[in-house]
Amino acid sequence: MCVFCKIVQGEIPAYKVYEDDDILAFLDISQATPGHTLVIPKEHCENIFALEENKAANLMKVVTRLSKKLKVALNIDALNILNNSGQLAGQTVNHFHIHLLPRSENDGLIIKFSSNKLSETELKGLQKKLKEG
Ligand code: AMP
Ligand code: ZN
């Protein structure tokens with residue numbers, strides 16, 4: 001059983017902040033920023049590629065609710081929402097989870113996109129692939 005399934009089953013402890021029949025949210029054991037929270041489906045599901053769309057809708061509702069809760073409770077007005085799906089993306093726990101990362105000035109967290117410019121042909125090629133099917 002994976003570590004998050006063990007948390008769901010109550011076999012290992014967690015600082016739970018939200019729970020309903022299908023979804024659990026708890027503080028990340030390693031607080032990248034104060035309030036760093038994970039939102040998971042209770043049912044084991046490896047990552048975004050295995051997640052059913054109808055389950056995603058409820059997860060996103062909880063993500064939205066908790067984001068607003070974090071804003072008020074921690075008096076922040078910036079937050080990153082992050083999911084790592086797959087080893088190359090940095091996923092270390094193979095049970096789908098969404099990170100909520102409250103942001104504040106000088107919190108030291110670095111999330112940075114590099115700015116790669118693709119040619120128009122390349123962009124059109126990608127668009128075609130994504131729109132197909
Ligand atoms: P990821 O790298 O996206 O797979 O994130 C996995 C996250 O799970 C990391 O931020 C870990 O700190 C966190 N984590 C691992 N084990 C536990 C645990 N027992 N309780 C709470 N968070 C955990
Ligand atoms: Zn699991």
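These legends describe close-up views of a predicted model.

**View 1. The zinc ion (ligand 2) and its protein donors.** Four residues supply the donor atoms: Cys-2 and Cys-5 each through SG, and His-44 and His-95 each through ND1. These donors lie 2.0 to 2.3 Å from the zinc ion. Along the sequence, the donor residues follow the spacing C-x2-C-x38-H-x50-H.

**View 2. The geometry of the zinc site.** The angles among the four donor atoms of the zinc ion (ligand 2) run from 102 to 119°, and the site is tetrahedral. For four tetrahedral donors, the ideal angle at a metal is 109.5 degrees.

**View 3. Cys-5, one of the zinc donors.** The relative accessibility of Cys-5 is 12%. Cys-5 is therefore counted as buried, since the cut-off for buried is under 20%.

**View 4. Ligand 1 in its pocket.** The pocket that holds ligand 1 is the largest one. Around ligand 1 there are 16 residues, and the nearest of them are Asp-28, Asn-84, Thr-92, His-97 and His-99.

**View 5. Polar contacts of ligand 1 with Asn-84, Gly-90 and His-97.** The side chain of Asn-84 has an N or O atom 2.8 Å from an oxygen atom of ligand 1. A polar side-chain atom of His-97 is 2.9 Å from an oxygen atom of the ligand. With Gly-90, the contact is made by a polar backbone atom, 3.0 Å from an oxygen atom of ligand 1. On its own, ligand 1 has 500 Å² of accessible area, and the protein covers 83% of this.

Terms used: Residues are numbered from 1 along each chain as its sequence is written. Chains are lettered from A and ligands numbered from 1 in the order in which they are written. This is a predicted model: local features need pLDDT of at least 70, side-chain atom pairs count only at pLDDT 80 or more; totals for chains, interfaces and linings use all residues. Side-chain values use heavy atoms; hydrogens and water are left out. Donors are N, O and S atoms within 2.8 Å of the metal (3.2 Å for Na, K and Ca); water is not among the atoms, so sites may look incomplete. Four donors count as tetrahedral if all angles lie between 85 and 135 degrees; four count as square planar and six as octahedral if opposite donors are over 155 degrees apart and all others between 65 and 115; anything else is irregular. Buried means under 20% relative accessible area, exposed over 50%, partly exposed in between (1.4 Å probe, protein chains only). A residue is near a molecule or strand if one of its heavy atoms lies within 4 Å of it. A polar contact is a pair of N or O atoms within 3.5 Å; within protein, one must be able to donate a hydrogen and the other to accept it, and residues adjacent in sequence count only if both atoms are side-chain atoms. Accessible areas come from the Shrake-Rupley method with a 1.4 Å probe; for residues, only the protein chains shown count as cover. On a 1 Å grid over the protein atoms alone, a cavity is a set of points where a 1.4 Å probe fits but cannot get out, and a pocket is an open set with protein on both sides within 12 Å along at least five of seven lines; lining residues have an atom within 4 Å of a point. A molecule sits in a cavity or pocket if more than half of its atoms lie within 2 Å of its grid points.
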